[in-house]
Amino acid sequence: MDRTQLLLVGLPLFLFISDLFSLFTPPPQKPTSDHHHHQPPSVIQQQQPQTLDFPTQKTGGIGAVGIGNTVSIDFCSSCSFRGSAVTMKNMLENQFPGIHVVLANYPPPLPKRLLSKVVPVFQFGVIGLVMGGEQIFPRLGFAVPPPWFYHLRANRFGTMATTWLLGNFFQSMLQSSGAFEVYCNGELIFSKLKENRFPGEIELKDLVGRRIANPRVVDGLGASSWS
């Protein structure tokens with residue numbers, strides 16, 4: 001066996017034996033660092049109060065003037081008043097921390113709600129007559145459809161589009177109440193239905209502040225009473 005063969009056989013064998021030796025040899029212990037013992041006492045004293053004083057920090061109760069008070073804003077959702085209601089809600093929560101502001105839809109009167117339910121029925125009825133009036137009228141007892149049916153049928157797509165657009169317009173008008181009513185702890189402090197305008201942010205803040213400061217006073221509609 002020449003030197004080349006000895007080198008080719010001996011080198012892998014040497015690497016294998018060195019791997020086994022390093023595997024069974026325990027790793028050297030890491031030198032212990034005594035940097036904690038050499039820290040200046042001032043550093044240790046500065047670190048301890050941060051953990052000891054944090055749980056004992058107290059939050060001031062003066063700013064939470066709105067705790068226990070509820071403001072309800074009833075608005076017309078179909079009138080796109082939600083943006084104004086959300087703005088007023090954020091303003092009140094910032095001005096009176098802890099106050100509970102509730103947003104709700106103010107429904108229209110009952111007759112308007114009932115009429116709004118009839119509009120879709122009318123829409124689909126007209127569209128159904130235009131599409132299949134020739135089969136519907138004989139079932140209703142008419143041998144020949146009335147003349148107005150042929151006028152509608154002559155421009156069926158225009159009739160259906162007009163019926164759909166006008167129906168949606170009337171339904172939106174019937175579902176709108178135009179209301180923006182603000183209640184503080186169950187008492188009405190501002191009414192858009194009576195004032196015919198929206199409240200200003202400063203005005204609403206003052207109304208709510210007076211109501212919270214003196215719950216016996218009911219103000220906001222131009223009247224005050226003592227319970």
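Let's start with Gln 171, which sits in helix H6; helices here (H or I, at least four residues) are DSSP runs numbered from the N terminus. This is a predicted model, in which local features need pLDDT of at least 70 and side-chain atom pairs count only at pLDDT 80 or more, while totals for chains, interfaces and linings use all residues. Residues are numbered from 1 along each chain as its sequence is written, and side-chain values use heavy atoms, with hydrogens and water left out.

**Gln 171**
- Gln 171 counts as buried because its relative accessibility is 18% (buried means under 20% relative accessible area, exposed over 50%, partly exposed in between, with a 1.4 Å probe and protein chains only).
- Beyond its neighbours within four places in sequence, Gln 171 is in contact with Ser 116, Val 119 and Pro 120 (contact means heavy atoms within 4.5 Å).

**H4 with H6**
- Helix H4 (residues 110-139) packs against helix H6 (residues 156-175) at about 175°, and their axes are 9 Å apart (axes are lines fitted to C-alpha atoms, for helices over the stretch in contact, and angles run from 0 to 180 degrees between N-to-C directions).
- H4 is therefore roughly antiparallel to H6 (angles under 35 degrees count as roughly parallel, over 145 as roughly antiparallel, 65 to 115 as roughly perpendicular and the rest as oblique).
- Among the residues making this contact are Ser 116, Val 119 and Pro 120 of H4 and Trp 164, Gly 167 and Gln 171 of H6.
- The contact of H4 with H6 divides into 12 nonpolar, 8 polar and 2 charged residues (Ala, Val, Leu, Ile, Met, Phe, Trp, Tyr, Cys and Pro count as nonpolar, Asp, Glu, Lys and Arg as charged, and the others, Gly among them, as polar).

**H4 with H5**
- The axes of H4 and helix H5 (residues 147-154) cross at roughly 145° and come within 10 Å.
- On the H4 side, the contact includes Val 130, Met 131 and Phe 137, and on the H5 side Trp 148 and Phe 149.
- This contact of H4 with H5 has 7 nonpolar, 1 polar and 2 charged residues.

**H3 with H8**
- Helix H3 (residues 82-95) and helix H8 (residues 201-213) pack at about 50°, with axes 11 Å apart.
- H3 is therefore oblique to H8.
- Thr 87, Met 88, Met 91, Leu 92 and Gln 95 of H3 meet Glu 201, Leu 204, Lys 205 and Val 208 of H8.

**Confidence**
- The chain has a mean pLDDT of 76, and 67% of its residues reach 70 or more (pLDDT is the predictor's confidence in each residue, from 0 to 100).
- Over residues 33-39 the pLDDT is below 50, and it stays under 50 over residues 48-62.

Terms used: Helices (H or I, at least four residues) and strands (E, at least two) are DSSP runs, numbered from the N terminus.
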